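I opened the model to look up its pocket and its core. My notes follow.

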Amino acid sequence: MSYSGGPMTEAMYYVLLALMRPNHGYQLMHAIGEVSRGRMQMGPGTLYGVLSRMQKDGLIALANNDGRRKTYEITVDGKAALLSEYRRLQAVLEDSRLLEEGIAND
């Protein structure tokens with residue numbers, strides 16, 4: 001089953017965001033923490049499950065495998081999916097202005 005668009009999991013979003021610069025597993029776990037400003041801490045089990053799925057879906061690719069560590073990079077399709085999800089999240093926030101107006105009126 002390949003990625004067909006639609007809402008991404010938070011893990012998928014942050015993996016793609018962190019892979020705007022190619023990284024290997026340990027670096028990637030650290031990069032996810034950085035780009036999420038500490039809100040997302042991903043362990044190896046979750047990370048490698050997400051990487052495997054995203055690689056099958058064509059969102060990321062193996063950039064290098066020196067036998068000891070694998071370096072991943074985002075693909076053109078992955079960048080397009082990330083941008084689409086970013087725009088979807090922006091629309092969700094814009095739609096939420098009604099909530100902000102309600103809070104301000106309380």
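Which helices each supply at least two residues of the lining of the largest pocket? I found α1 and α2. Helices here are DSSP runs (H or I, at least four residues), strands likewise (E, at least two), numbered from the N terminus.

This is a predicted model: local features need pLDDT of at least 70, side-chain atom pairs count only at pLDDT 80 or more, and totals for chains, interfaces and linings use all residues. Residues are numbered from 1 along each chain as its sequence is written, and side-chain values use heavy atoms, with hydrogens and water left out.

Pocket. I noted that α2 gives the largest share of the lining, five residues. The lining includes Leu17, Arg21, Pro22, His30 and Glu34. I sorted the lining residues into six nonpolar, three polar and two charged.

Pro22. I placed Pro22 in the loop between α1 and β1 (23-24). Pro22 touches Thr71, Tyr72 and Glu73, not counting residues up to four places away in sequence; contact means heavy atoms within 4.5 Å. I also looked up Ile74: it is 52 residues from Pro22 in sequence, yet 7.3 Å away in space, C-alpha to C-alpha.

Core. The largest nonpolar core has 25 residues, and Val15 and Ile32 have the most contacts inside it. Such a core is a set of buried Ala, Val, Leu, Ile, Met, Phe, Trp, Tyr and Cys residues joined through side-chain atoms within 4.5 Å, where buried means under 20% relative accessible area (1.4 Å probe, protein chains only). I saw that α1 gives the most to this core, seven residues. Beyond four places in sequence, Ile32 touches Tyr14, Val15, Ala18, Met40, Met42 and Leu47.

Key
Buried < 20%, exposed > 50% of the residue type's maximum accessible area, 1.4 Å probe, protein only. 1 Å grid on protein atoms, 1.4 Å probe; cavity = no way out; pocket = protein on both sides within 12 Å on 5 of 7 lines; lining within 4 Å. Nonpolar A, V, L, I, M, F, W, Y, C, P; charged D, E, K, R; others polar.
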